[in-house]
Amino acid sequence: MNIDIEFELNGRPERRHVDVRDNAIDVLGRCGLKAARESCGQGLCGCCTLYVDGAPVSGCLYPAWKLQDKRVETLEALNEANSELDPVQQAFIECGAFQCGFCTPGFVMMTRKLLEAHPRPTDAQIEHYLAGNLCRCGTYPEIIAAVRLAAERIAARN
Amino acid sequence: MTTERPPLHRLGKGLRRLEAVDKVTGRADYTHHVSLPGMLHAKIVRSHVAHGRLRSIDTTAAKAVPGVYGVFTGADILKVIPEPYYGPAFHDQPILAIDKVRYVGEPVAAVVAESPHAAEEAAGLVQVDIEELPAVLDEVEAMHSDVYVHESLRPAGTFADLKHLDGIRNTNVALTFHLKKGDCEAAFKNAHRVFKNTFKTHQVMHVPLEPMVSVADVRHSHAYLYTASQTPSFARTEIARLLGWKENQVTIKTAFLGGGFGCKLYVKLEPLAVALSMLSQRPVRVALTMAEQFYTITRHPTTFTIESAVDETGRILARRCEVIWNGGAYADIGPRVTQKSGFTAPGPYDIANVEVTSVAVYTNRPPAGAFRGFGIPQLVWAYESQSDIIAREMGIDPLEFRLRNALADGKRHATGTVMKSAAIPQVLTRLAERFGWHEPFERGSGRYRRGRGLGIGIKACVSPTTSVAAVSVAADGSCSVQCNTVDMGQGSDTLMAMIVSEVLGVPAETVSVVHPDTDASPYDMATLGSRSTFHMGHAVRLAAEDALAKLRAMAKDVGLDDVDPGNLGALFVRKFGMQAGTVIGTGIYKPTYQSPDKTTGQSEDITPNWMIGGTAMEIEVDTETGMYTILRMENVVDCGTALNPLVVQTQISGAAIMQLGTVTLEEMEFDEQGQLRNAGLSEYKIPGIQDIPRAIGCETVDAYQENGPFGGKGVGESGTFGVASALAAAIEDAVGVRITQLPIRPEKIWEGMRAKQEQQA
């Protein structure tokens, strides 16, 4: 069964015809967005992280039809307005916090939420926020360094 | 030995990945995102039994699902590919099962539909009737079982050294490799002490976060394949062979890989995607779920019995190694793991008398193949665990025991090859210094006890293999590299750009690295076994040197003394009167090699380079639960010159962390029927951010690979070698319990402690 849904995607209105079996990632893919991507399909790896009404969700577990009237943001929203990188993205590059890069958008999305809530995160807070994101290349030490660097930069800016 | 090291301009200084911005903005290309006009989606129907005869497959209900384009079985595949068996060493794996199934999860049918949902729904309606046969799952049992996984052996005709196996019946042994040096029997007779231990490893999966995916679009006389592959060149050859076509009728394109680790090698989904595209006359996408990957390729479980004769001073006089590799139902590259890693089973030690028997066996489990380390982590686990046992029993410091026996440059390896540019003693010494091995530490008392362990492993770079590259200089002076090395996170694109920069003097950041497209990019054996830095590094160096020679000739031609790397474009304008023309340099690299003797495994030149990695750990065990914490992990490797130190650091710690996952958390669990209980991430846990050691240190020793490009060699696997045995040694050091079977779980430690207490009581 297919239905029509309307939602806000990265600040723009979007209307899509979706299969009730589609998840949010299926729809975003058809909208030409690649940053949130499905990997484990069980909401355990964080590769598909997106914000729905400002809260991070696993897109692979989020039915597309539930996006109706929601405000959806993906990593792409960060770089639409200007070409400059977000401090989190910049810190990930400088700390070498990725290798294959498949998990990176999810980590950036969760790190931004972490730093919104905890501008000076403790080790426990970093672990808590990023426990749902997996990196098979094992760049966790570099990711932790990047989170700290981004926190410093944001604090210095404010 | 001191070698003159030419000064480096660009290499040796860290450079961030060229594609960094694309990766942090989510815009890097992966095959995962490839979509073609008119593309259909496939879903695989899998065997529910481990071993059986296919009676019938009923596709009626599946075909009736709206949106289904076709439901295909092995019989349909035969219509388009008459000999549908593939594999890099043995042509034993059918695209879809024919007559028999050999493991739970083996593909038996495929649905092709307009949407993944329709394909999935229909796949659940395919009725597969299988007459169940007894299955054999354990590698030791399979050696002597009368249950045979294959009726007869089918080695690939391309390998001369496998030809004698063709058609052999009534065996599960795909291949046996022997190595023999000196006189083991006499040495064991005269030994002061003999140690004999058996160590086992378990089945694990690579778990790349970009699940395997291939999209095929086969036209009348040309096949286009977009695939997440570490081997575009092999994929082209193999698809051409299956179709009976020429290589230039097959195009393989890859992108960045979201992790490979050895699972995306040779061909996996490509033959099925091609066959389904031919049967449906449309582009077809075959994409696995995370769970399905566990039914596709894995790492070999092993049983390694190691027997060592030692003299009074702690010198190893002789060593016998019997390694049995559980290859699962299809050989994949297992026989090569058995040989090419098997010969390093005696370890990085100078032992006069050695016998190795390394056996690849078939069982009714999912196939096993290459996995970061190509068999070395399983071998090091055993020989370094035994090193620790011997040292402890003889009252020798475990570091000292290793140093006393270590293979130094100039000594002969068990294969007979003289060691060169292999910093084994240096890695051990530096590791001990860095770790503070000789310094006292708090051992704890009461409930929490601390311990330490270390270990070292070596790997021979797989040989003989060939890499080809081209470096193009465009008319504005900008440079591109064409090569089939696949960047799956190891930073090869960046390194190849740095090599061009080193030779031509252009900034590395401006060099473009073209992703593999077999219509345009030349042959490379594979992106595997940490071979690319060495082999492709040389090929790109040669190609850049060739381009430079051509640019110099052009300069001379137009009356200039030399080439100005800052203004190459001016040269083209002077030569062609406008911004026009292209200069293409090419490079081919194949190192020297001597095949091992058929009976003794001896060779004067078994490998172009040795990769060395050591790990030391300090851990704390909770004696009430067996739970343990890794307080510190130090890794030291020899990678020759660290050509891009930033990426080298991440490769070392990443390899160690991944290996730690397979040692502490991960295990594919099978029941007696061969059913896998835990496919998928909900019950197969890989390390997360909270699972890493509290402190991780990485270092490269000051070393130079004499025959390497700019003194370098590979590093992607070295961080994995010493992890498992160092952890087991640290646990014994802390609580006196020796784990001999991976993974190292708290309950095993707890049981060991309880058994010890009962013994003492």
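Trainee: Hi! Which two strands form a hairpin with two residues between them?

Mentor: Those are β1(A) and β2(A), and A:N10 in the turn has a positive phi of about 50°. Keep in mind that this is a predicted model.

Trainee: Noted. How many bridges hold that pair, and in which sense, parallel or antiparallel?

Mentor: Strand β1, residues 2-9 of chain A, pairs with β2(A) in the antiparallel sense over eight bridges. As one example, A:I5 has A:R16 in β2(A) as its bridge partner.

Trainee: What else does β1(A) pair with?

Mentor: There is a parallel pairing over two bridges with strand β5 (residues 71-73) of chain A. A:L9 is bridged there to A:V72 of β5(A).

Trainee: Let's switch to helices. How far does α5(A) reach?

Mentor: Helix α5 of chain A covers residues 140-157, 18 residues, and spans 26 Å from its first C-alpha to its last. That is close to the 26 Å expected at 1.5 Å a residue.

Trainee: Which of its residues are buried?

Mentor: The buried residues of α5(A) are A:Y140, A:P141, A:E142, A:I143, A:A146, A:V147, A:A150 and A:A151.

Trainee: Why would residues three or four places apart point the same way?

Mentor: An α-helix has 3.6 residues a turn, so residues at that spacing point the same way.

Trainee: And what do the buried residues of α5(A) pack against?

Mentor: In chain A they pack against α2 (87-94), α3 (104-117) and α4 (123-130). From chain B, α17 (645-664) and β27 (696-700) join in.

Trainee: Chain B, then! How many residues of chain B are in contact with chain A?

Mentor: 44 residues of chain B are in contact with 41 residues of chain A. On the chain B side, α1 (20-24) and α17 are the elements that give two or more residues. The largest share, six residues, comes from α17(B). By type, that side divides into 22 nonpolar, 18 polar and four charged residues.

Trainee: You mentioned β27(B). What sheet is it in?

Mentor: An open sheet of four strands in chain B, ordered β20-β25-β26-β27, with mixed pairing. β20 (448-460) and β27 of chain B are at the edges with a single partner strand each, so one side of each has no neighbour in the sheet. Neighbouring strands are turned by 10° against each other on average, direction ignored.

Trainee: How does β26(B) pair with β27(B)?

Mentor: Strand β26 (residues 628-638) of chain B pairs with β27(B) in the parallel sense over five bridges. One bridge there joins B:N635 to B:C698 in β27(B).

Trainee: What about the largest nonpolar core?

Mentor: It has 304 residues, and B:V111 is among those with the most contacts inside it. Helix α15 (residues 532-557) of chain B gives the most to this core, 11 residues. Beyond its neighbours within four places in sequence, B:V111 is in contact with residues including B:A42, B:V68 and B:A122.

Trainee: Last one: where is B:K420?

Mentor: B:K420 is in the loop between α12 (398-405) and α13 (424-435) of chain B. It is partly exposed, with 15 other C-beta atoms within 10 Å. Leaving out residues up to four places away in sequence, B:K420 touches B:D409 and B:E706. B:K420 and B:D409 are 5.1 Å apart, C-alpha to C-alpha.

Technical notes
Residues are numbered from 1 along each chain as its sequence is written. Chains are lettered from A and ligands numbered from 1 in the order in which they are written. This is a predicted model: local features need pLDDT of at least 70, side-chain atom pairs count only at pLDDT 80 or more; totals for chains, interfaces and linings use all residues. The expected span of a helix is 1.5 Å times one less than its number of residues. A residue is buried if 20 or more other C-beta atoms lie within 10 Å of its own, exposed if 12 or fewer, and partly exposed in between; C-beta atoms are placed from the backbone. Two residues are in contact if their C-beta atoms, placed from the backbone, lie within 7 Å. Ala, Val, Leu, Ile, Met, Phe, Trp, Tyr, Cys and Pro count as nonpolar, Asp, Glu, Lys and Arg as charged, and the others, Gly among them, as polar. A nonpolar core is a set of buried Ala, Val, Leu, Ile, Met, Phe, Trp, Tyr and Cys residues joined through C-beta atoms within 7 Å. Two strands pair if DSSP finds at least two bridges between them. Axes are lines fitted to C-alpha atoms, for helices over the stretch in contact, and angles run from 0 to 180 degrees between N-to-C directions.
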